[in-house]
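Please open the model in your viewer and keep the selection tool at hand.

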Amino acid sequence: MKAAEDKCNEVLRHSPDFMQAWFLKAKILFYTDRKKEAIKLLKKIKIKFPSFVDGKLFLAKALIETDQLEEANKLLYNLSQDNGNDYRVYRLYSQIAKKKKDLKRNLDYQKKAEQCLEESAMVFLDLASVYRNFGLHEISRSYLEKAEKLVANKEAKKVILSCMEEHK
C-alpha cells in the first residue's frame, strides 16, 4: 500500500487537479487504518470537487465507520436531494440505523435501496430491447437475466420472464 500511496503523491505533484488520484489516496489512507487522515482528505475532495458523488459517498461510509453518525446523516441528506434514486445513499442510511440499533429504519432504508435497484433494472430492459432489435438475441437475453435479478416485484418479474421466453 505504501507504493500505491507514493504513486498517488507522485501523480498529484504533477497533476494536482486529478480527482481520481486524490480519491485513491483517501481510500489508501482509510484502508490502512488512517481513517482520520482519510476523512480530512475526503472533506477536502468534497470541497474541491463538489459534484464528485463517489467521494461524498465514501466520506459518508468513513464517517459511519468512525461513529460520526450525525455528520454522515447530514451528508447523506444532502446527497439524497440530488441523488434520490441512488441505492448507495439508502444503503448507507441503513448502516447508520443499524449502528443505532434501529431495526425498523434499517429495514426501511434497505427496502428503499431495493426499490432504487428495481428502477435501475429498466436500463437492462432497455438494453435488452436494443440488442434484440439488432438481432443479438443471446446478448439481449443476458440483459433480461440481469434485470430479472434486480427485480423483487412478482408482477414485474413475470413480464421479464415472459420476454425471456420469447428469446428462446
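Select Asp54, Asp86 and Arg88 to begin: a network of salt bridges links these residues. A salt bridge here is a side-chain nitrogen of Lys or Arg within 4 Å of a carboxyl oxygen of Asp or Glu. By this rule the count comes to 14 salt bridges.

The model is a predicted one, in which local features need pLDDT of at least 70, side-chain atom pairs count only at pLDDT 80 or more, and totals for chains, interfaces and linings use all residues. Residues are numbered from 1 along each chain as its sequence is written, and side-chain values use heavy atoms, leaving out hydrogens and water.

Next, select Arg34 and Glu5, which form a salt bridge whose closest N and O atoms are 2.5 Å apart. The pair links distant parts of the chain, 29 residues apart: Arg34 is in the loop between α2 and α3, and Glu5 is in helix α1. Helices are DSSP runs (H or I, at least four residues), numbered from the N terminus.

Is Glu5 buried or exposed? Glu5 counts as buried because its relative accessibility is 10%, where buried means under 20% relative accessible area, exposed over 50%, and partly exposed in between (1.4 Å probe, protein chains only). Arg34, at 27%, counts as partly exposed.

Move on to Lys35 and Asp33, whose side chains meet in a salt bridge (3.2 Å, N to O). Lys35 is partly exposed at 23%, whereas Asp33 is exposed at 63%.

Finally, select Glu145 and Arg141, a salt bridge with its closest N and O atoms 3.6 Å apart. Both residues lie in helix α8, 4 residues apart, about one turn of the helix.

Terms used:
Helix = DSSP H or I, 4+ residues; strand = E, 2+ residues; numbered from the N terminus.
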